[in-house]
Amino acid sequence: MRGEARSFSAARKERAAESDRWLKDLFRTATAGAPGAALVAVGSLGRGELAPGSDLDLVLLHDGGQDVAGIAERVWYPVWDSGVGLDHAVRTVEEAVQVARDDLKAVLSLIQARHVAGDPELTRAVREAVLAEWRADSRRRLAELREAADQRAETAGELAFLLEPDLKDGRGGLRDVQAMQAVAAAWVASAPGPRVREAYELILDVRHALHVVTARGADRLVLQEQEAVAAALGLLDADALMRRLTEAARTVSHSFDATWRTVDRLLYGPAPRGRRPLADGVVEHGGEVVLARGVSPRKDPVLVLRAAAAAAEAGLPLAPATVSMLAAQSPPMPVPWPEEARGALVALLGAGRAAVPVWEELDQAGILVRLLPDWERVRHRPQRNPIHRFTVDRHLIETAAGAAAHTREVSRPDLLLIGALLHDIGKGWPGDHSASGEVVVRDIGARLGLPPADVEILATLVRHHLLLPETATRRDLDDPVTIEKVAGAVGSREVLDLLAALAVADGNATGPAAWNAWKASLVADLVRRVRSVLSGSPTPGAPSLSAAQAALARHGGGAVRVVGTGVTVVAPDRPGLLWRAAGVLAAHRMVVRAASAASAGGTAVIEFSVVPEYGTPPDPATLEADLRLVLAGRLDIEQRLARRTRSVRPARVPVAPPKVTLVEDASATATVVEVRAHDRPGLLWRIGRAFGECGLDVRAARVETLGAEAVDVFYVLDRIGRPLSDDVQRAQVRDHVLAALR
């Protein structure tokens, strides 16, 4: 795992040793050699893990017979004067034990306390008393420790999967290893093993490098520091850093979970001792899944998948010894896979959420890459995109787990689950991951023993897994060309239904920025239209206004309805309505996350999905009043937006330049312009105004914000209602929009 990466371990130990020497001198001067006091190191200094930005955590113990206030001043003040951070306490032995009895942070510190100077008997007395009470009251204290770990994980998230992880408090981070050490100190479970210690050292090294790079005691590894941290560690780039960090964090998390299963078993009583059959050669024993007596994996290559499927379906963990045996003794899976193996894989994935921890067990043991060699290319691969919450491999199993909820909606649930597992497998290869994935999945499908017709369906799923969400959010669904192209790509209702289910599972597994009710409704509408065409029916026409929209339209000059995060604007259709309405929202500090615009019977309907920058949304009546003023030319939105733009901080990290593309063959009746840019206040206003200055009208639009990036698509017409045909004019439009974005 470490390879040739530079380690700072020796530097941390030397810093701790230097601090010890300095503190010994301070303490000797402060006490003039008198007995009855001791200086004890806790925290990172106590563990000998002093990073450049670490505070000194110290406890001054005394027996009550010293001028302890004077000693404290003579030790603490030189530390403060040096500029080093200091966390300090003054206690008698009895006070220290009492504080540890009631304060989890204090007891965890004192468990690993280290004597620095003074009377060693005081340090020994505190350690022995604290450890004795920790062990005697382990049932209560370990429950407290587990609750604290759960709260920490809920607040900080999972180190392995976050774009900007917290190295200390994130799940799988430094505090989890320290919690395992505390469990071991209670004599309830073994201390962390070599793999966990190695992972812990790597995370410490990353934190050490972060302190060096930032010149401060930081724990969160933000995007803008990752390249510099990678360089400090001697790694190739930020991706190499994050892959190593992901692997380390997952190793810690895996061991952390196993530790708490041991705690539960030993402290709260074992599960029933009987053996309940779960599958051929697989039984439940003591709340875990194990192999039946006399069963050996050596002659049964399918046993590993059968055991994994049984564990997931029963909602139980695989016993660690069983996983080790399967990893060491399972023979290679025949190629192509036997039907039983495919069935076991589908059963495992079909267990839904329960499949995720079992899959993680197989991954940690190195079993997955033997079963599916292409898995190695996506394993621990980071996705440096804020809309993604998982690494590629975790995203794939999360998508498969989500797809399990949709298996009754499709004719081939097995292909849905396998397609969900492999839909992003191309991210381990250069180029467009959908195109690369199609090539890779053909090989995997043959390896799995799927019939050629099924391999074709699987390849289509991978090649077009983004087709429905991208089309629904970036194309005009009222344009027949849009529906005909999708129908031609999917080819059949069977594949359409599979892609629809995969789109939902993929979006939910990606994160809230990638999937919401607005996008779900657009995809459902697209699927309905395409299904109609595939059934031989004509392409559905443009929808009429809903009753609510018609009621709003009766306002005449324009009306606004705000419901939750949705803002509906209905007004007489006219050029520039979309961008003027967007300007009103931006002026009221509303961030547009998505928008769609269409017209029917001379009335334009614009649906915005918005969130306030902060606070509560503005009053709908105020929005409506400002919209009417803008339409009447009596409100200068541009001036308001200019003031807002000047107050916005620039992006923390470099962003790619905007890109404007005129999409060929996307519509027979309009010119389709796709704009990709970093999101900022009034972006939609600027784009729309640029169209207006070019004499263009926006017939329809799809606007989407993915994290900090906007992907906006506009169907535009010239002054007489035709698409742009002149190459010079098309180039001028592209340049003008680009100029408006700079």
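Here are a few questions and answers about this predicted model.

Reader: Before we start, how are residues numbered, and what pLDDT do local features need?

Author: Residues are numbered from 1 along each chain as its sequence is written, and side-chain values use heavy atoms, with hydrogens and water left out. As this is a predicted model, totals for chains, interfaces and linings use all residues, side-chain atom pairs count only at pLDDT 80 or more, and local features need pLDDT of at least 70.

Reader: Which strands stand at the edges of the open sheet of four strands?

Author: Happy to walk through it. Strands here are DSSP runs (E, at least two residues; helices are H or I, at least four), numbered from the N terminus, and two strands pair if DSSP finds at least two bridges between them. The order is β3-β2-β1-β4, with mixed pairing. Two strands have a single partner each, so one side of each is left without a neighbour in the sheet: β3 (86–92) and β4 (114–118).

Reader: What angle does helix α3 make with β3?

Author: Contact means heavy atoms within 4.5 Å, and angles run from 0 to 180 degrees between N-to-C directions of axes fitted to C-alpha atoms, for helices over the stretch in contact. Helix α1 (residues 9–31) lies across β1, β2 and β4, at about 35° to β4. Helix α3 (residues 68–82) also packs on the sheet, touching β1, β2 and β3, and its direction makes with that of β3 an angle of about 170°.

Reader: How many residues of α15 are buried?

Author: Buried means under 20% relative accessible area, exposed over 50%, and partly exposed in between (1.4 Å probe, protein chains only). Helix α15 spans residues 355–364, and its buried residues include Trp359, Glu360 and Glu361. The helix is mostly covered, and of its 10 residues the buried number is nine.

Reader: Which residue in β15 stands opposite Arg676?

Author: Strand β13 (residues 671–678) has six of its eight residues buried, so it is largely enclosed by the rest of the structure. Eight bridges join β13 to the antiparallel strand β15 (residues 709–717). Lys659 stands opposite Arg676 in β13, while in β15 the residue opposite Arg676 is Val711.

Reader: Which element gives the largest share of the lining of the second largest pocket?

Author: Among the elements giving two or more residues to this lining are α2 (43–46), α5 (104–111) and α8 (174–185). By class, the lining has 17 nonpolar (Ala, Val, Leu, Ile, Met, Phe, Trp, Tyr, Cys and Pro), 14 charged (Asp, Glu, Lys and Arg) and 11 polar residues (the others, Gly among them). The largest share, seven residues, comes from α5.
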